[in-house]
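Visitor: Could you walk me through this protein model, one question at a time?

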Amino acid sequence: MSSADFSSGGKTPPEAPAERSLPEWAPENAGSEFASRVMGGVNDSHDGMTFTPSAGTAPRRRQLTVQDYISGVLSCDRTILSRAITLVESNSPSHFETAQQVISGVLKETGRAVRVGITGVPGAGKSTFIEALGTWLCENGHKVAVLAVDPSSSVTKGSILGDKTRMERLSRCKNAFIRPSPSGGTLGGLTRKSRETMLLCEAAGYDVILVETVGVGQSEVTVRDMVDFFMLLVITGAGDELQGMKKGVMELADAIVVNKADGDNIMKARTTRADYDRFLHYLRPSTEGWVSHAYTCSSITNDGVPEVWEVITEFMETAKASGVFMERRKQQSLSWVRSMVEDHLLRSFYDHPAVKTQMPEIEARVAQGNLAATQAALELLSLYTKQNQG
Ligand SMILES: Nc1nc2c(ncn2[C@@H]2O[C@H](COP(=O)(O)OP(=O)(O)O)[C@@H](O)[C@H]2O)c(=O)[nH]1
Ligand SMILES: [Mg+2]
């Protein structure tokens with residue numbers, strides 16, 4: 001089996017955005033000429049900047065070589081960066097190969113950004129917070145990339161995280177790059193795509209990566225595993241604030257931020273903050289050597305937003321000094337490798353022809369009580385291994 005099979009699912013490739021005529025984040029809407037032909041480098045001294053019109057038709061986009069992608073990403077050409085991400089998000093094996101060459105080509109320019117994950121229930125204000133923090137960071141000399149990991153979009157086709165129209169202000173900053181969640185595929189596939197997108201953004205010079213996610217399935221754990229700093233955004237509510245809040249999520253957080261501390265809500269937000277802070281005191285810290293605290297902010301008035309960045313900065317200094325930062329990055333790379341292997345194996349198993357054909361019957365026998373679960377699993381696995389060896 002080729003490495004191409006790592007690419008998620010067996011679906012048709014998504015179409016890429018046509019140059020200029022569509023927003024850079026809109027892969028679903030795009031023209032149909034993309035890409036089974038992006039492969040294939042050039043042998044001459046092609047500088048990657050010329051059009052190669054096909055006879056008779058006006059070209060809507062030029063094809064890019066691997067080298068075009070690499071130099072485009074490294075020089076932060078946003079159109080090319082978007083197309084490189086579309087390539088990474090594609091489910092087509094040939095795109096996968098090209099994407100891997102592009103990633104390899106930029107890899108040494110990655111890893112220098114501060115990676116921040118932001119989770120919280122829908123409506124907590126994650127997007128608004130990211131917009132506030134992102135805009136403030138851009139005004140203070142940073143280059144900010146915003147990504148989303150939204151496993152709901154692959155299942156329900158609807159996005160829990162909402163769309164990027166909310167980040168209108170941030171999207172006008174020339175130092176900001178906003179990319180919505182890729183659609184389609186398993187959470188494993190989604191994870192690979194998000195991580196690689198993060199690398200591409202880093203290679204393009206974005207020094208802060210903000211990843212929005214929501215507490216669905218494993219997505220929080222997934223995002224914790226790809227960022228340096230993980231924060232939980234919460235809001236005040238009626239009654240017991242902490243009720244219904246999963247202890248596990250709080251244990252992942254390097255900070256809990258009570259958002260919407262504005263107007264009539266300020267006092268309540270402060271009380272909520274104190275409650276969370278007390279609670280955090282009893283939890284295992286998410287990051288060794290760092291005591292997670294709770295804070296308040298308003299993503300509308302911006303009060304407390306720069307202070308959250310101060311916390312992140314202090315966290316990075318502490319974690320780098322203690323070696324925890326490097327160790328976590330190392331572990332993250334290793335778990336990335338493992339999750340890709342697992343994802344690949346799962347797909348290879350369920351896509352296996354013999355398994356596919358016989359699975360319904362074997363499962364039916366289990367359901368009818370005519371076959372033990374263990375025996376069924378063994379039968380399926382032997383179908384898989386037998387034909388793989390043969
Ligand atoms: N008053 C107030 N409203 C906010 C604040 N942050 C977000 N909101 C509002 O809360 C709603 C949900 O925000 P959104 O960012 O979409 O939440 P998300 O689902 O967590 O991304 C929107 O109507 C926002 O305008 C805040 O700090 N203060
Ligand atoms: Mg949102």
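The questions below go from the whole chain to the sheet and then to one helix.

Guide: This is a predicted model, in which local features need pLDDT of at least 70 and side-chain atom pairs count only at pLDDT 80 or more, while totals for chains, interfaces and linings use all residues. Residues are numbered from 1 along each chain as its sequence is written, and chains are lettered from A and ligands numbered from 1 in the order in which they are written.

Visitor: How many helices and strands are there in the protein chain?
Guide: Helices (H or I, at least four residues) and strands (E, at least two) are DSSP runs, numbered from the N terminus. By that count the protein chain has seven strands and 14 helices.

Visitor: Which strands stand at the edges of the sheet?
Guide: Two strands pair if DSSP finds at least two bridges between them. Seven strands form an open sheet with parallel pairing, in the order 3-2-4-1-5-6-7. Each edge strand has a single partner strand, so one side of it is left without a neighbour in the sheet; these are strand 3 (176-178) and strand 7 (293-296).

Visitor: What is the bridge partner of Leu232 in strand 6?
Guide: Strand 5 (residues 229-234) pairs with strand 6 (residues 255-258) in the parallel sense over four bridges. In strand 6, Leu232 has as its bridge partner Ile256.

Visitor: Within what arc do the buried residues of helix 11 fall?
Guide: A residue is buried if 20 or more other C-beta atoms lie within 10 Å of its own, exposed if 12 or fewer, and partly exposed in between, with C-beta atoms placed from the backbone. In helix 11, Val305, Val308, Phe315 and Ala319 are buried, whereas the face turned away from the buried side carries exposed residues, including Glu310 and Lys320. The buried residues line one face of the helix because, seen down its axis (the arc is that of the directions from the helix axis to the C-beta atoms), they fall within 65°.

Visitor: Is helix 4 roughly parallel or roughly perpendicular to helix 11?
Guide: Residues are in contact if their C-beta atoms, placed from the backbone, lie within 7 Å; Ala132, Leu133, Trp136 and Leu137 in helix 4 meet Val305, Pro306, Val308 and Trp309 in helix 11. Axes are lines fitted to C-alpha atoms, for helices over the stretch in contact, and angles run from 0 to 180 degrees between N-to-C directions. The two helices pack with their axes 9 Å apart, at an angle of about 75°. With under 35 degrees counted as roughly parallel, over 145 as roughly antiparallel, 65 to 115 as roughly perpendicular and the rest as oblique, helix 4 is to helix 11 roughly perpendicular.

How values were computed: Contact = placed C-beta atoms within 7 Å.
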